[in-house]
Amino acid sequence: MKENMNSNDAKLSALLRGSRLSPSLPPRFQENVWRRIEDAEAPVKSESWLEALVILILRPRFAFATAVLLLFAGALLGAHEGSQAVRHDAQARYVASIAPDSLR
Amino acid sequence: MNRPLLILLGALALGAAIFTGSYFVSQRTCEMCLTVHQDDLSWLRTEFHLSDAEMAHIRELHEGYLLQCADMCAKIAVKKGEVESALGNGTNITAEAQTKLNELAALRAQCQAQMLRHFVTVSQAMPPEQGQRYLAEMKKLTLGLHEQIEQSMSGETGHEHHH
């Protein structure tokens with residue numbers, strides 16, 4: 001009984017294999033497959049210095065640190081220049097109060 | 001123009017805007033904060049690190065000097081009027097006009113000497129090192145300008161003054 005079933009399965013399998021349609025491959029299929037494999041295995045093409053710089057600039061941590069640095073540097077320089085201007089004005093005011101224009 | 005270059009230029013413009021903005025805001029704030037409550041003598045206190053007692057003494061000297069200075073300025077103004085009337089509309093300098101010019105120069109010299117004496121007095125009211133620095137600075141500020149003018153004139157005209 002079991003042997004009979006096995007022989008039927010084998011026949012059914014052969015029948016199914018025969019009835020399956022195998023699609024025809026596109027032209028140059030094999031060549032294209034090999035080309036894609038080669039491309040995938042090739043080393044990654046290096047970027048230009050400009051692209052590398054832009055990638056660096058667009059990193060949030062770098063962008064934030066640069067903005068803070070520029071803000072701090074501008075504020076420091078502005079405070080220095082402001083205090084120098086005030087000092088100069090105060091000096092001019094004192095000199096004007098004690099030295100008449102005709103003597104300077 | 002390609003995209004990375006645009007991003008780079010945009011980032012540079014943004015950075016410049018951040019720097020410039022913070023520079024001007026800080027400068028203006030600093031100027032506004034520091035100029036509040038300033039008088040004619042504020043520069044002395046901050047520049048020469050003077051105490052309240054030293055400042056009070058110097059303020060007294062300053063006010064006394066201002067009276068003398070105003071008196072001298074009035075005399076100079078009167079003398080200038082006399083010079084102008086002596087010069088009149090004539091094309092020659094008369095003996096009277098020359099005398100008035102000499103008197104005006106003498107008054108200006110007196111005024112300058114008085115000012116220098118005041119600088120010496122104020123410098124003596126300061127700690128010695130600061131006093132020397134003050135005296136040097138004031139001589140440079142009040143007498144240095146004449147030297148600069150003389151030097152620029154001699155350089156421009158090609159003349160040299162031999163003193």
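Predicted model: local features only at pLDDT ≥ 70, side-chain atom pairs only at ≥ 80, totals over all residues.
1. Local features need pLDDT of at least 70 and side-chain atom pairs count only at pLDDT 80 or more, while totals for chains, interfaces and linings use all residues. Residues are numbered from 1 along each chain as its sequence is written, chains are lettered from A in the order in which they are written, and side-chain values use heavy atoms, with hydrogens and water left out.

2. On the interface, 42 residues of chain B are in contact (heavy atoms within 4.5 Å) with 33 residues of chain A. The buried area (accessible area, 1.4 Å probe, lost on putting the two together, summed over both) is about 3300 Å², and carbon and sulfur atoms give 73% of it. Within chain B, B:Phe19, B:Asp40 and B:Trp43 lose the most area to chain A, together 16% of what that side buries.

3. B:Asp40 also has a charged partner: its side chain meets that of A:Arg93 in a salt bridge (3.1 Å, N to O). The rule (a side-chain nitrogen of Lys or Arg within 4 Å of a carboxyl oxygen of Asp or Glu) finds two salt bridges across this interface.

4. B:Trp43 belongs to one aromatic cluster with A:Tyr94, B:Phe48, B:Phe119 and B:Tyr134. The whole structure has six aromatic pairs (ring centres of Phe, Tyr or the six-membered ring of Trp within 6.5 Å; planes under 30 degrees apart are stacked, over 60 edge-to-face, the rest tilted). The ring centres of B:Trp43 and B:Phe48 are 5.4 Å apart with planes at 80°, so this pair is edge-to-face.
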